[in-house]
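This briefing walks through a set of local features, grouped by topic, for a reader who wishes to follow them on the structure itself. Please keep the sequence and the coordinates open while reading.

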Amino acid sequence: MPVKRGLVMEGGAMRGLFTAGVIDGMMEAGIVFDGAIGVSAGAVFGCNYKSNQPGRVLRYNLRFCKDPRYSSFRSLVTTGDLFGADFCYREIPDRLDPFDKQAYRENPMDFFVVGTDVHTGQPVYHNCLEGGEEDLDWFRASASMPLASRIVSVGGYDLLDGGIADSIPLAYLEEQGYDRNVVVLTQPMGYVKTKNKAMPLLRRVYKDYPQLLDTLARRQDVYNETTAAIREKERRGEVFVIRPEAPLDIKRVDHNRARIQAVYDLGRAVAEKRLAAMRTFLEERGNQP
């Protein structure tokens with residue numbers, strides 16, 4: 001059987017600008033994957049890999065980061081979404097900085113996203129193949145942070161941020177048969193997630209979703225177990241990991257253009273530094289007969 005090359009992109013809100021820099025460098029270097037999976041920012045930024053639009057993520061973030069329609073407390077109060085749903089997922093991709101839906105559709109690469117089912121607390125995975133309005137709703141669902149977003153109903157599910165249930169979905173991609181995988185993380189080596197200090201507020205806001213609350217309460221344990229497993233796979237040469245060398249100097253929601261540019265540039269620099277080793281890894285046949 002042929003090797004299937006996959007790309008996994010962690011979320012992290014505006015830390016996703018690091019991922020944007022990494023994937024732009026990879027696209028410009030002609031790195032091709034058979035499939036990719038993105039979570040939260042990894043979904044809404046990573047989809048540009050399938051549409052082959054390097055530079056787009058940085059461009060619209062620099063252009064609109066100070067626009068209250070893009071992200072603001074005003075948007076949260078008036079629409080229920082910190083990142084304005086209509087502006088971010090309709091105005092920008094349809095008109096202001098067009099998302100190339102035709103290129104996305106014609107690219108045979110799979111592009112999976114992850115959401116968290118608020119009723120079960122379990123991850124929901126969806127292969128977004130068309131890049132149309134429904135797929136953009138899946139992207140939005142994957143990036144809908146608790147307390148900062150409305151629950152998104154799409155595909156028969158009611159969803160919030162995919163990072164709640166599966167922050168780094170390498171295992172899912174492996175289950176789909178992808179066996180040479182690159183993982184882009186937005187936290188440095190040794191990062192340990194701690195308990196969410198907002199749990200008391202989350203318990204009040206989502207009191208009607210007890211299984212979601214259970215998943216939120218266990219999130220740090222699952223995350224730390226996942227990163228430990230990835231480090232072991234990395235040590236054995238079974239996965240190729242790209243991560244920042246130090247904590248990224250950017251807020252979860254950041255309107256500072258200099259910080260946005262700097263984090264993006266870090267991603268590009270790391271990608272360039274690791275490019276030759278990544279090519280070698282992707283060209284290996286692994287355990288295939």
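Thr116 has its place in strand E3, and the model in which it is described here is a predicted one. With a relative accessibility of 0%, Thr116 counts as buried.

**Contacts of Thr116**

- A polar atom of the Thr116 side chain lies 3.2 Å from the backbone nitrogen of Ala165.
- Not counting residues up to four places away in sequence, Thr116 touches Gly121, Gln122, Asp158, Leu159, Leu160, Asp161, Gly162, Ile164, Ala165 and Leu212.

**Aromatic pairs and charges over rings**

- The structure holds 14 aromatic pairs, and one that is edge-to-face is formed by Phe111 and Phe139, at 6.0 Å from centre to centre and with 90° between the planes.
- This pair links distant parts of the chain, since Phe111 belongs to strand E3 (residues 110-117) and Phe139 to helix H8 (residues 133-142), 28 residues apart.
- Both partners are covered: Phe111 is buried, with a relative accessible area of 0%, and Phe139, at 2% relative accessibility, counts as buried.
- The rings of Phe112 and Tyr172 have their centres 5.7 Å apart and their planes at 75°, and because edge-to-face requires an angle over 60 degrees, this pair is edge-to-face.
- Here again distant parts of the chain are linked, with Phe112 in strand E3 and Tyr172 in helix H9 (residues 170-175), 60 residues apart.
- Phe112 counts as buried at 7% relative accessibility, and Tyr172 is buried with a relative accessible area of 15%.
- Phe45, Tyr60, Tyr70 and Phe83 are linked by ring pairs into a cluster.
- The charged end of Lys50 sits over the ring of Tyr104, 5.0 Å from the centre of that ring, while the charged end of Lys193 sits over the ring of Tyr223, 4.8 Å from its centre.

- Ser149 is found in the loop between H8 and strand E5 (152-154), and with a relative accessible area of 14% it is buried, because the cut-off for buried is under 20%.
- Leaving aside its neighbours within four places in sequence, Ser149 is in contact with Gly80, Asp81, Ala143, Ser144, Leu160 and Tyr206.
- Leu147 is also placed in the loop between H8 and E5, where, at 32% relative accessibility, Leu147 counts as partly exposed.
- Leu147 has a positive phi of about 75° although it is not a glycine.

**Helix H12**

- Helix H12 covers residues 257-283, and at 1.5 Å a residue its 27 residues should span 39 Å, which agrees with the 37 Å between its end C-alpha atoms.
- At Leu275, H12 bends by about 55°.
- The N-terminal end of H12 is capped by Asn256, whose side chain has an oxygen 2.9 Å from the backbone nitrogen of Ala258.
- Within H12, the residues that are buried are Ile260, Val263, Tyr264, Gly267, Val270, Ala271, Leu275, Met278, Phe281 and Leu282.
- What covers these buried residues of H12 includes strand E1 (5-9), helix H1 (16-28), helix H4 (56-64), strand E7 (180-184) and strand E8 (239-242).

- Ile23 is found in helix H1 and, at 0% relative accessibility, counts as buried.
- Ile23 touches Leu7, Met9, Phe45, Gly46 and Tyr49, when residues up to four places away in sequence are not counted.
- Between Ile23 and Leu136 there are 113 residues of separation in sequence and 19 Å in space, taken from C-alpha to C-alpha.
- Asn52 has its place in the loop between helix H3 (47-50) and H4, and at 52% relative accessibility Asn52 counts as exposed.
- The phi of Asn52 is positive, at about 55°, although Asn52 is not a glycine.
- As background to such values, most residues other than glycine have a negative phi.

Methods. Residues are numbered from 1 along each chain as its sequence is written. This is a predicted model: local features need pLDDT of at least 70, side-chain atom pairs count only at pLDDT 80 or more; totals for chains, interfaces and linings use all residues. Side-chain values use heavy atoms; hydrogens and water are left out. Helices (H or I, at least four residues) and strands (E, at least two) are DSSP runs, numbered from the N terminus. The expected span of a helix is 1.5 Å times one less than its number of residues. The bend at a residue is the angle between axes fitted to the seven residues ending there and the seven starting there. Buried means under 20% relative accessible area, exposed over 50%, partly exposed in between (1.4 Å probe, protein chains only). Contact means heavy atoms within 4.5 Å. A polar contact is a pair of N or O atoms within 3.5 Å; within protein, one must be able to donate a hydrogen and the other to accept it, and residues adjacent in sequence count only if both atoms are side-chain atoms. Rings of Phe, Tyr and Trp (its six-membered ring) pair if their centres lie within 6.5 Å; planes under 30 degrees apart count as stacked, over 60 as edge-to-face and the rest as tilted. A charge sits over a ring if NZ of Lys or CZ of Arg is within 6 Å of the ring centre and within 35 degrees of the ring normal.
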